[in-house]
Amino acid sequence: MTGTALAFLVRLATGVRLLPEVPEDGKRRVYYANHSSHLDFMVIWAALPARRRTRTRPVAAAEYWEKGPLRRWLAGRVFRAVLIPRELARMRAEDPLGKMLAALDEGADLIVFPEGTRSESGELAAFKPGLHHLATKRPDAELVPVFLENLSRILPKGELLPLPLMGQAVFGDPLPGPAGDESRSDFLTRAREQLITLSHGHLPSALHEGS
Amino acid sequence: MKDPELLYLVGGVVAVLLLATLITRLLIHKGGETPVLVNLRQRVNAWWWMMLVFSLSLALGRGGVFGFYAILSFLALREFITLAPTPRGDHRTLTWVFFLILPVHYLFAWAPWYGMFLIWIPVYAFVFIPIRSALAGDTDRFLERTSRIQWGVLTCVYFLSHLPMLLYLPIRGYEGQNAKLLFFVVLVTQISDVMQYVFGKMFGKHPVAPKVSPSKTREGLLFGGAAATLIGTGLWWATPFSPPVAALMSALLVMAGFFGGLVMSAVKRSLGAKDWGRGIPGHGGVLDRLDSLLFAGPLFFHITGYYFGTHMAASHAQPEWMKAALRLWMGD
């Protein structure tokens, strides 16, 4: 109930459209998207049809979402986020990938942001290796690129109040997993380029000019 | 809606829409679901909804009308700013514009506090906007960015708000009937759009400005405009005008509507888009439907005011509570 109402509000405020219901194929999905705003995962989550939405869990930074009762309630109860403590991950004290794999194995879909952090400029940074790990460890999960437009203008990093502009979430076709002889960096480049293609030139690339 | 003449107007539009729905059904039954016909059906359906919401706002009285136009302004400005690429430095400025300048303007309009309605945006907001953007510290294309926001507020908020303001225009012998005047303006302007589109499709050969809008043709303007003027003249009984003046005012609405659409089309194209949004199926965005009313509203409001020699400034200078507060303060 809360989820449906919140998803409706998010769509109303950001102008993002609800995806049409598709027949169930039983496949798990990992949505990966460009990251520039706190709204990003909420927008993907809100755009999904209700049945898919209820089993989709965003992967987010524990430091942010465990602060304060409201965020804790949202992350824990509404989004059922897979929270990754950044500091611990950096110190290798906890295996962040293990948590994501466990969630997938429990039948959840994931939302990940392979850049690792929100981009300040709206440009697409290089991808962290996590996506490659997910793709090799769970090859039956579909990797779906999602291009998020205008979200960095609605709620940029460091701002408190969102602007009522219209954003968009463009879902692409599933990305084929790493081929036999494909290196990790080649796969990550391919995944990243898929997202840039999906944006039709609206996603400035921090690495390649004009791609 | 106690005025029977207003009900006649609504009834007339409902009859026309029924006819349009029937014709569309027949065409689709004969010709199948071609893209043009599907678009036509979408457009007619959207007209039903727009007509319903517009009439409902009139039925709710002044509060309903001003609330309706405040929401329209909000949606229009939202489409405008979404297409106009404003950078990070404008975020706070735009927050003030959307959440303070716009609602306060409609409060002044609704009150009515005519003086503040006139100057709140062109003076106070236009001084505030560049100040706030300068404080944000981004000097890159500063003049362009500031003008863009100011133009958006001017057209989507200030110009549009002149339509509900017609409710307050004091016209002797027409007291309490101003809702019909608002209906007349919206009806003639929108019918002019439809007629120009239809006649343009039928006889259109010479585009007025091919780069700006290939669908706006001289033939469409001439025949469509003439048809809309005739319809407007035929509605003189609902207005405070005599038939010849109703004809002139309809012609004014046709021309203002045409140029409003043309200019907004040029703005849209300079921003690299074909439609303002996708809010209204078959039509595009809210601004694609409102563009012709943007210039027509303020021109009609002021010219009608001058024609009847009405004194908005004297009769609505300040709201009553403001006068009472001043009397209390001055001890007079």
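**Terms and their grounds**

Mentor: In chain A, A:G68 is found in the loop between α4 (62-65) and α5 (69-78), where helices (H or I, at least four residues) and strands (E, at least two) are DSSP runs, numbered from the N terminus. This is a predicted model, in which local features need pLDDT of at least 70, side-chain atom pairs count only at pLDDT 80 or more, and totals for chains, interfaces and linings use all residues. Residues are numbered from 1 along each chain as its sequence is written, and chains are lettered from A and ligands numbered from 1 in the order in which they are written.

Trainee: Why does A:G68 count as exposed?

Mentor: A residue is exposed if 12 or fewer other C-beta atoms, placed from the backbone, lie within 10 Å of its own, buried if 20 or more do, and partly exposed in between. A:G68 has 10 C-beta neighbours inside 10 Å, so A:G68 counts as exposed.

Trainee: What makes β3 (82-84) and β6 (168-171) of chain A stand at the edges?

Mentor: The open sheet of six strands in chain A has the order β3-β2-β4-β1-β5-β6, with mixed pairing. Each of β3(A) and β6(A) has a single partner strand, so one side of each is left without a neighbour in the sheet.

Trainee: What pairing links β5 (residues 142-149) of chain A and β6(A)?

Mentor: Two strands pair if DSSP finds at least two bridges between them. β5(A) and β6(A) pair in the antiparallel sense over four bridges. Within this pair, A:L148 stands opposite A:A169 in β6(A).
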